[in-house]
Amino acid sequence: MLCGRWRSRHRRHEEPPVPAQVAAPVALPSPPAPQDGGNKRPGLRALKKMGLTEDEDVRAMLRGSRLCKIRSRTWKKERLYRLQEDCLSVWFQRRIPRAPSQHIFFVQHIEAVREGHQSEGLRRFGGAFEPARCLTIAFKGRRKNLDLVAPTAEEAQRWVRGLAKLRARLDAMSQRERLDHWIHFYLHRADSNQDSKMSFKEIKNLLRMVNVDMNDMYAYRLFKECDRSNNEWLEEPEIEEFLRRLLKRPELEEIFHRYSGEDRVLSTPELLEFLEDQGEDGATLAHARQLIHTYELNETAKQHELMTLDGFMMYLLSPEGAALNPAHTCVFQDMNQPLAHYFISSSHNTYLTDSQIGGPSSSEAYVRAFAQGCRCVELDCWEGPGGEPVIYHGHTLTSKILFRDVIQAVRDHAFTLSPYPVILSLENHCGLEQQAAMARHLHTILGDMLVTQLLDSQNPEELPSPEQLKGRVLVKGKKLPAARNEDGRVLSDQEEDNEDEDEEEEAGAAEQRRRAKQISPELSALAVYCCATRLRTLRPALPQPCQVSSLSERKAKKLIREAGNSFIRHNACQLTRVYPLGLRMNSANYNPQEMWNSGCQLVALNFQTPGYEMDLNAGRFLINGQCGYVLKPACLRQPDTTFDPECPGPPRTTFTIQVLTAQQLPKLNAEKPNSIVDPLVRIEIHGVPADCACKETNYVLNNGFNPHWGQTLQFQLRAPELVLVRFVVEDYDATSPNDFVGQFTLPLSSLKQGYRHIHLLSKDGASLSPATLFVHICIQRS
């Protein structure tokens, strides 16, 4: 059950809101576009802050270019594109003007910039334009690709190079640089007449821009304290003073002073004491020294091996101070175990970009899935014209794409993010002739990537490891029995949505003929390690590691409920794929945690549908270098395991979270200046049924800038090795469902203890930088 349904709204009405505290973010937000859609002047200040003052490519982008946007054979429109003066967002022209936020995209949301005809759209519709003039901007999340044609090849290269420099500079920006950039961007926007002075009205506008509704009396008192000239205007030194007060983090100052003593700086031994209290593994004086040299901003303090409050803040906001263990962001697990010992990131109906009834199919959907770490993709193959098999959702209005185009996308993009093997799950509806064409395309396009026979050193009684299969592609499909003739055999590899009903009928010859079709020997030969087979028994007489069963979510839940430990033992040796029910017409997802609890490896989800289910999937595969393979806990790998997720035993771990503050939460409605969020935090535990729980804080009224809670939430866990923790921020609403603000999900085993920042993500998984939660985490194991 989704945790959000467990809330009692009547209880929440009785809880008083926690008063807002004024503090600050120290990193760059996602700014809205100027009202006029363009630059009032070149972004020289932003260029200077980013170290790009002399870069001609970026300067050209600031001036803007008229680029042709391509959507179809007939829709090709020239539009003005211009880098905004923040140097972090691009404004673009629309035929019909819309809200300012609908006229921009952000550099930090770009997944890749491709040159030439390197997208499905440009390959299909851009043939009339020379490749040197073409570029594609691919975005993170669900936003469609932007296919563009520049007037000249040089102008196209300016945008390709310029965006690459901006993305690299953004990734490399220190927290101090981000803070400086943030200050000057918002000052420029709030200074309505650009006179470098700020009236109280402009200061109030500034506060609303950064998502805080400060009491007028308090805001004016702060304003007057900084107005040293007493003329009702803040000039540059006074503005800096106002910002310093606004940017204070009282909760961090309190922690810092607790360890620093009277001199208000941390010595190396004092920093070591803090690290030890944090529970940092391998905390030493040498490590403390290294942190000072990395994060301290004051050169004099650095020379004396001292850390100031600014350096302490920079450290806690860095990846080393985040909740996710930095050691788990690269491949750190044993990759030499059999494939069945791993959870494998898997996609259902991968070709779809929307619903499975009438949505478009696209080879770009495979590229996006690979960019999210997916390692098992699905191909629904049907007879196509001209002897060419096509992929689409059969008997629906979804569009069709060529099988060969998808295989080319696999060749070009499958190993960009992860070197570990990709599984092509074929749902085959083709006749023998087009099956042979499928096999031919797989051979000719993939070449040596394709696994066509057992590995030389492979024990036939055991699956190979991800390490052995690096850079290789496996085909999951039906296999002809060795004794059969080469003219094919009656078999079916369709996913069986009606499995439960089918198994109640006798498997007579007539029924078999009704549901079956022939499998070509060419395609059969490619099913080497992933032979698709109906699951008939959980205890076969002989081990069958190369057989893979596909189960609907309903059938999988039935096995979990009725077979329990036997299903887990089966999954310790063989691969099992689980897919959503066909009744999910809008491509909704099921909760994958139930399937992982029983050791199912290929838990396939609709990657095109955002929601808590995909948040869990992203959290499960966030670790181990996001390579798409995560080693299952030992209790799910042992062939004689006694583990049962329905009976996990008594609590073994106490998980305590103190939710302290949040920083720079995004405005949910950028077009309404007075729209300020009332944030609350919910902590969800996803694991075995006995561990699933959620608890939440009170809400804070009218403060998305730096709300303060200071509330402690505690959970008792029975199977912590399977737990995912989901941190959710919502905008409280007393009369309707809360609005989603941001979330972050990760395995409990990768969560660091102590004072940590949690960097929030949007609904579709994009960064909401600099939005963070600041928490204290304690994990006690009995």
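So, contacts along the chain: counting a contact as heavy atoms within 4.5 Å, and taking pairs at least 6 apart in sequence, 69% of them join residues at least 24 apart. Bear in mind that this is a predicted model, where local features need pLDDT of at least 70, side-chain atom pairs count only at pLDDT 80 or more, and totals for chains, interfaces and linings use all residues. Numbering starts from 1 along each chain as its sequence is written, and side-chain values use heavy atoms, with hydrogens and water left out.

The overall picture, then. The protein chain has 24 helices and 31 strands. Those are DSSP runs, numbered from the N terminus: H or I with at least four residues for helices, E with at least two for strands. There are 782 residues, and 57% count as buried. Buried here is under 20% relative accessible area, exposed is over 50%, and partly exposed is in between, with a 1.4 Å probe and protein chains only.

Okay, salt bridges. The rule is a side-chain nitrogen of Lys or Arg within 4 Å of a carboxyl oxygen of Asp or Glu. How many salt bridges does that rule give? The count comes to 31.

Let me start with Glu78 and Arg66, whose side chains meet in a salt bridge at 2.9 Å, N to O. Glu78 sits in strand 2, residues 76-83, and Arg66 in strand 1, residues 65-70, so this pair ties together parts 12 residues apart in sequence. Glu78 is partly exposed at 48%, and Arg66 is partly exposed too, at 39%.

Glu232 and Lys224 also form a salt bridge, again 2.9 Å from N to O. Glu232 is partly exposed at 35%, and so is Lys224, at 23%.

Now for a pair with other surroundings: Asp615 and Arg726, with their closest N and O atoms 2.8 Å apart. This one links distant parts of the chain, since Asp615 is in helix 24 (residues 612-620) and Arg726 in strand 28 (residues 724-731), 111 residues apart. Are these two buried or exposed? Asp615 is buried at 8% relative accessibility, and Arg726 is buried at 5%.

There's also a network of salt bridges, linking Asp55, Asp57, Glu154, Arg158, Arg161 and Lys165.

Lys555 counts as buried, at 7% relative accessibility. From Lys555 to Tyr579 you go 24 residues in sequence, but 9.9 Å in space, C-alpha to C-alpha.

Last topic, helix packing. Two packed helices are described by the angle between their axes and the distance between the axes. Helix 10 (residues 250-260) and helix 14 (residues 309-317) pack at about 110 degrees, axes 10 Å apart. That makes helix 10 roughly perpendicular to helix 14. The axes are lines fitted to C-alpha atoms over the stretch in contact, with angles from 0 to 180 degrees between N-to-C directions, and roughly perpendicular covers 65 to 115 degrees.

Who makes the contact? On helix 10 it's Leu252, Glu253, Ile255 and Phe256, and on helix 14 it's Leu309, Phe312, Met313 and Leu316. They divide into 7 nonpolar, no polar and 1 charged, where nonpolar means Ala, Val, Leu, Ile, Met, Phe, Trp, Tyr, Cys and Pro, charged means Asp, Glu, Lys and Arg, and the others, Gly among them, are polar. Helix 14 is mostly covered, with 7 of its 9 residues buried, including Phe312, Met313 and Leu316.

Note on methods. Parallel < 35°, antiparallel > 145°, perpendicular 65-115°, else oblique.
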